[in-house]
Amino acid sequence: MKTSYKTIQAMPLSPAVGAEISGIDIARGISDEQFSELRQAFVDYGVIFLRDQELTPEQHIAFAERWGNINVNRFFKATDDYPVIAEVRKEADQKGNIGSAWHTDHSYDQRPAMGSVLYAREVPSVGGDTLFASMYAAYDALSDGLKKMLLAMRAEHSSRHAFGDAAYFNADLDDLGDRLGNTAAATQDALHPVIIRHPLSGRPALYVNGDFTVKFEGWSKEESQPLLDYLYNHARQNEFTCRFNWRRGSVAIWDNRATHHCALNDYHGERRLMHRITIEGDDLSAYLSS
């Protein structure tokens, strides 16, 4: 059951995840009551979107700070004057984009990031949408037998293979060098429950992803991969997803603990520039059935 709001309006983008929020102008200021409802919409929908926002970098930062402490990304190129703002950029002559595989950010950290505030500064004439998937819906749709097994399991996550030196042996990453770097900092390893209790909603959510999950605790990689692949394919079923079409001035605020996302790379020959600020998160605990 979704919340009834007084100061904002929420238009769901799909039954499972995502809502477009109206009644908010970040630059003009947001009251405490509005922000409280905005945060509740974030909990209710997993990802929320605002349109037609005209933000300076300072306003973007101030808005992000209302959500929590800022996490400065180790691997993304920052904007020249604002080190807390990461660029998510693809130039017209570049082939690869950032985030083209389904994933959730920062699961390799001991305290994974809560989420991000992504602001569209330049978008292609067509294409460049982002897909989001609900990990609540993914968990709910599992069989009772698989739920029972996964509730007792943990998985290992790492940044090493995604952002370390080994990642740059992949020819597809050749043109990412001016956008991603600092490979020596890719030393993060973490162990998290496969089914977490969401820190805000208390609901069970599936918490493994193709970019950063390495294997299940106590299992070999070879043993883990078939089940991981099944869970990844299961989690991105169409009925669990929504699709957001960016316009200049759009803002997305997503929950890394409740969603996966995927940035479509279908706008070759055009530039896309997004500014991302990531928010620190909480320790994750296992969801244990009563």
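Predicted model: local features only at pLDDT ≥ 70, side-chain atom pairs only at ≥ 80, totals over all residues.
Of the 32 residues in the largest nonpolar core, the ones touching the most other members are Leu150, Val194, Leu206, Val208, Phe216 and Leu231. A nonpolar core here is a set of buried Ala, Val, Leu, Ile, Met, Phe, Trp, Tyr and Cys residues joined through side-chain atoms within 4.5 Å; buried means under 20% relative accessible area, exposed over 50%, and partly exposed in between (1.4 Å probe, protein chains only). At least two residues of this core come from each of S7, helix H3 (135-140), helix H4 (144-151), strand S10 (195-197), strand S11 (204-206) and helix H6 (221-235). Helices (H or I, at least four residues) and strands (E, at least two) are DSSP runs, numbered from the N terminus. Another core, of 29 residues, lies apart from it and has Ile26, Phe35, Leu38 and Tyr45 among its members.

Residues are numbered from 1 along each chain as its sequence is written, and side-chain values use heavy atoms, with hydrogens and water left out.

Neighbours within four places in sequence aside, Phe216 is in contact (heavy atoms within 4.5 Å) with Met153, Arg154, Ala155, Val194, Ser224, Leu227, Leu228 and Leu231.

Now for the rings. Rings of Phe, Tyr and Trp (its six-membered ring) pair if their centres lie within 6.5 Å, and planes under 30 degrees apart count as stacked, over 60 as edge-to-face and the rest as tilted. The count by this rule is 9 aromatic pairs. In one of them, Phe132 and Trp254 are tilted, at 5.9 Å centre to centre with 50° between the planes. Phe132 belongs to strand S7 (residues 130-134) and Trp254 to strand S14 (residues 251-255), so this pair ties together parts 122 residues apart in sequence. Phe132 and Trp254 are both buried. Phe216 turns up again here, in an edge-to-face pair with Trp219 at 5.0 Å centre to centre and 65° between the planes; Trp219 is partly exposed, at 27%. Ring pairs also link Phe49, Phe132, Phe244, Trp246 and Trp254 into a cluster.

Charges sit over rings too (NZ of Lys or CZ of Arg within 6 Å of the ring centre and within 35 degrees of the ring normal). Lys147 lies over the face of Tyr139, 4.9 Å from the ring centre, and the charged end of Arg203 is over the ring of Tyr136, 4.0 Å from its centre.

As for salt bridges (a side-chain nitrogen of Lys or Arg within 4 Å of a carboxyl oxygen of Asp or Glu), the count is 16. Glu54 and Arg248 meet in one of them, at 2.9 Å, N to O. Glu54 is in the loop between strand S3 (47-50) and helix H2 (57-67), and Arg248 in the loop between strand S13 (241-244) and S14, so the bridge ties together parts 194 residues apart in sequence. Arg248 is partly exposed, at 48% relative accessibility. Glu91 and Arg271 form another salt bridge, at 2.7 Å, N to O. Both ends are partly exposed: Glu91 has a relative accessible area of 21% and Arg271 comes in at 26%. Glu91 and Arg271 also belong to a network of salt bridges that links them with Glu87, Arg89 and Glu122.
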